[in-house]
Amino acid sequence: MTQDELKQQAAQAAVDEIEKDLQDDVIIGVGTGSTANMFIDLLAKHKHKFQGAVASSEATELRLKEHGIEVFDLNEVTMLDVYVDGADEVTQELNLTKGGGFALTREKIVAAVSKKFICIADASKAVETLGGFALPVEVIPMARSYVSRQIVKLGGSPVYREGVVTDNANVIIDVHGLKITDPKDLEIKLNNIVGVVTNGLFANRNADLLLLATDDGVKRFEA
Ligand SMILES: O=C(CO)[C@H](O)[C@H](O)COP(=O)(O)O
């Protein structure tokens, strides 16, 4: 199967997972990226069964609205039942690297407000140890050089993602060369650098359910 076919299977599995719980007052947190887009397109077929969605990026907000799904400001919502999103790397322990599509900060906020985080991914995203995919860090523009020097002290090689401005008007530094043996600790250390908004490690608030699409079917990994 192609990677896109596997992404489609993971997206369908997420719709199947949440469909039974859809009702008039349910607002769904929706992630960003090509797998999340497939989820949105499949979810749209059920749009009459739930109230609306909270988007983790402007691109996702636009796609939801194009399907006629109402999009809510997160400040209008106390708690979301479920958040569905893709990832750049996933482990069986449900830790993730995200932010390839530079939506990591809003994704982390929506995940924090959700009771259940369902991660959908194709098999190419599965790793034993995070770090093969360069770790995205969202940074306040004036702190870019300072943050980069601090990242070098932590053993990483920072690369400024040229031409990218996040939905929050910040920049992205991709950190190469990290073998991430303690993702919870590194997530906190990076976030403690002044000027960092957040980083793409989802380890302290990781996924509750991973739906990993493989050639042998969609595998479930649960907390
Ligand atoms: O974190 C993300 C965006 O910031 C995405 O979930 C991640 O990049 C995976 O994208 P895709 O589903 O296109 O492979």
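Two strands count as paired if DSSP finds at least two bridges between them. Strands here (E, at least two residues) and helices (H or I, at least four) are DSSP runs numbered from the N terminus. With that in hand, glycine 29 stands opposite valine 54 in E2. Keep in mind that this is a predicted model: local features need pLDDT of at least 70, side-chain atom pairs count only at pLDDT 80 or more, and totals for chains, interfaces and linings use all residues. Residues are numbered from 1 along each chain as its sequence is written.

**Parallel pair**
- Strand E1 (residues 27–30) and strand E2 (residues 52–55) run parallel, joined by 4 bridges.
- Together with H2, E1 and E2 make a right-handed β-α-β unit (with the strands pointing away from the viewer, the path from the first strand over the helix to the second runs clockwise).

**Around the ligand**
- There are 17 residues around the ligand, and Gly33, Thr35, Gly86, Gly100 and Gly101 come nearest (a residue is near if its C-beta atom, placed from the backbone, lies within 6 Å of the molecule).
- Helix H2 (34–43) and helix H4 (104–112) are the elements that give two or more residues to this shell.

**Antiparallel sheet**
- The order E8-E9-E7-E10 describes an open sheet of 4 strands with antiparallel pairing.
- Strand E8 (157–160) and strand E10 (196–199) are the edges, each pairing on one side only.
- Strand E7 (residues 135–139) pairs with E10 over 3 bridges in the antiparallel sense.
- In that pair, valine 139 stands opposite valine 196 in E10.
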